[in-house]
Structures are given as C-alpha cells and as structure tokens.
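I opened this notebook to record what I looked up in one structure. The entries follow in the order in which I made them.

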Amino acid sequence: MTVLESCEFLKKAMRKKKKSTLLYCPCCQKDVDREKYTQLVKLEEIVVNKEAHPWRPQLGWAVAAAQSRNLQWACDPCLKGGVAKAGRPWLQLFCDLNPYFAYTDKTIPCVTCKQDFIFSKAEQIHWYEKLQFWVQSVPKNCPTCRKKIRQDKNRNTEISEIVQHIKEDLQAVSVEKILQLVELYVEIDKIDKAKYYLSLARKKAKQVGEAEVQLVEDKAKSITTSLLESN
C-alpha cells in the first residue's frame, strides 16, 4: 500500500468513526456529535444506577436506541434553548417501549371538536411522571373539551344522586335541593324534567312555609327569564 493509499484509508476510517458517533436529534432534526448529547448519556447512567428499567441493565442501551431512532430524546442545545425539557425515565413506571428522555410540545387533533391542540412539555411531564400514566398514551381531547366532559360527568352524577334521594325519601330532601335539580336539568336542556321537579318543589314548599313558596316562585321566574333570553 502506497503512502497516498494509506492516507486515504485513514481518512475513510476517521470519517466512518465520526459518523458512528453522530446521533440524530428528533427535536431539531439534526445529526449531533458526542459533545452535544452529554445529557442523554447522564440520564442513561442514572436509569442504570437506579435500576429503574432492569430489562436494560447495561450502559449504552439508550445511545443504541437513539442511533436506531427508537428513543424520544433531545440534544443538549435543544434542552438548553428550552425547545425540549429533560425527562426522568425512572419515574415513568408504565411503558411498553422506551421511556422518554425528553419532551417537546406535540400537536394532537381533538377527537371531539376536531381542532388541533398542543400537548405541552409541562403537561407531558405531569401526565407521565407525576400521574404516571402509561407512557405511550396521549390525551384524546383538547383541554376545553376535557373540562366540558368532566363537568358533564359531574353534573350527571349530581343529578342521579338528588333523584335517588327524592325517590328514597322526598320528605328528607329540602326545597333548595329540588331547585338545584331543576337548575341542573335546565343546564342540559331537559325542560320537561325541570318543569316536573319545579312543580314538585312547589308542593314541597307549600308544606314547609311561605318563605319557601317565595323561594320557589323566584327561582321559577329566573328560569323562565333565562329560557326566554336563550331563545
């Protein structure tokens, strides 16, 4: 082998070695060298030392997963720039695949309103590391729809409980509680139900006293006014 051929061989070997140390960052979508993924290596060491994922006991598994693009992670510049937030894999207890070494904001379509929403880095940390949900799970609904779903569920539970109390012992249920049921039915636009329990509240109020009768009539006026305004 000539001197020139030896030089070319060494150059190719150096390029191959450098390429083998590069990792593709899924956050900035760039190939980065070892100096820019120190946080990945540190987190890997912590996971191994904590034995948080005993099925991956050896150092090097996270880097290997990153090389095969089977790991959610971020390079040091992305973490320092705030584009990504570092994860704590040892707190992610339920995962079929690799745990998350970093989080970035994700855009997800809401199955209810069909609008895209942001599943933020902070919310993901809360979701996977504090609440410790299954790591591969994601919210199906946007925050607004999730809030409405919770409200609807709470309202339905409240309606069921009051109705059950009335069925069990009407005398033990206050006029105020029946009027509360009336309001709940108005909120979900079940006017016939609201009218029925309003009449029940009137009967109950007559048995209790004049102050209760006035309370029912005031509530009836308020409900009538709101219905007229909504129409």
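**Entry 1. The chain as a whole**

I began with contacts, meaning heavy atoms within 4.5 Å. Among contacts in the protein chain between residues at least 6 apart in sequence, I found that 53% join residues at least 24 apart. I noted that this is a predicted model, in which local features need pLDDT of at least 70 and side-chain atom pairs count only at pLDDT 80 or more, while totals for chains, interfaces and linings use all residues. Residues are numbered from 1 along each chain as its sequence is written, and side-chain values use heavy atoms, with hydrogens and water left out.

I then looked up the secondary structure, taking helices (H or I, at least four residues) and strands (E, at least two) as DSSP runs numbered from the N terminus. The protein chain has nine helices and six strands. Of its 231 residues, 33% are buried; buried means under 20% relative accessible area, exposed over 50%, and partly exposed in between, with a 1.4 Å probe and protein chains only. The chain exposes about 15200 Å², of which carbon and sulfur atoms supply 54%. These areas come from the Shrake-Rupley method with a 1.4 Å probe, and for residues only the protein chains shown count as cover.

**Entry 2. Nonpolar cores**

I searched next for nonpolar cores, that is, sets of buried Ala, Val, Leu, Ile, Met, Phe, Trp, Tyr and Cys residues joined through side-chain atoms within 4.5 Å. The largest has 23 residues, and those that touch the most other members are Leu-23, Leu-40, Leu-71, Trp-73, Ala-74, Cys-78 and Phe-101. At least two residues of this core come from each of strand E1 (23-25), helix H2 (38-50), helix H3 (61-67) and helix H4 (76-80). H3 gives the largest share, five residues.

Which residues does Ala-74 contact, leaving aside its neighbours within four places in sequence? I listed Cys-25, Cys-27, Leu-79, Ala-84 and Ala-102 as the contacts of Ala-74. I also recorded a second, separate core of 22 residues, with Ile-159, Ile-178, Ala-194 and Ala-205 among them.

**Entry 3. Aromatic rings**

For aromatic pairs I used rings of Phe, Tyr and Trp (its six-membered ring) with centres within 6.5 Å; planes under 30 degrees apart count as stacked, over 60 as edge-to-face and the rest as tilted. The structure holds 10 such pairs. Trp-127 and Phe-133 are paired edge-to-face, at 4.8 Å centre to centre and 85° between the planes. Trp-127 is buried at a relative accessible area of 14%, whereas Phe-133 is partly exposed at 34%. Tyr-196 and Tyr-197 also form an edge-to-face pair, with 4.8 Å between centres and 85° between planes. Tyr-197 is buried, with a relative accessible area of 8%.

I found one aromatic cluster made up of Tyr-100, Tyr-103, Phe-119, Trp-127, Tyr-128 and Phe-133.

**Entry 4. Salt bridges**

Side chains of opposite charge can pair when their charged atoms come close. I counted a salt bridge where a side-chain nitrogen of Lys or Arg lies within 4 Å of a carboxyl oxygen of Asp or Glu. A search of the whole structure gave seven.

Lys-121 and Asp-105 form one of them, at 3.5 Å from N to O. Lys-121 lies in helix H5 (residues 121-130) and Asp-105 in the loop between strand E4 (102-103) and strand E5 (106-109), so this pair ties together parts that are 16 residues apart in sequence. Lys-121 is buried at 13% relative accessibility, and Asp-105 is partly exposed at 42%.

Asp-152 and Arg-155 form a salt bridge with closest N and O atoms 2.9 Å apart. Both lie in helix H6 (residues 143-168), three residues apart, about one turn of the helix. Arg-155 is buried at 17% relative accessible area, and its side chain also meets that of Glu-187 in a salt bridge of 2.9 Å, N to O. Glu-187 lies in helix H7 (residues 175-187) and Arg-155 in H6, so this pair ties together parts that are 32 residues apart in sequence. I recorded Lys-148, Asp-152, Arg-155 and Glu-187 as linked in a network of salt bridges.

**Entry 5. Positive phi angles**

Most residues other than glycine have a negative phi. Gln-29 has a positive phi near 60°; Gln-29 lies in the loop between E1 and strand E2 (30-32). Arg-69 has a positive phi of about 60° and lies in the loop between H3 and H4.
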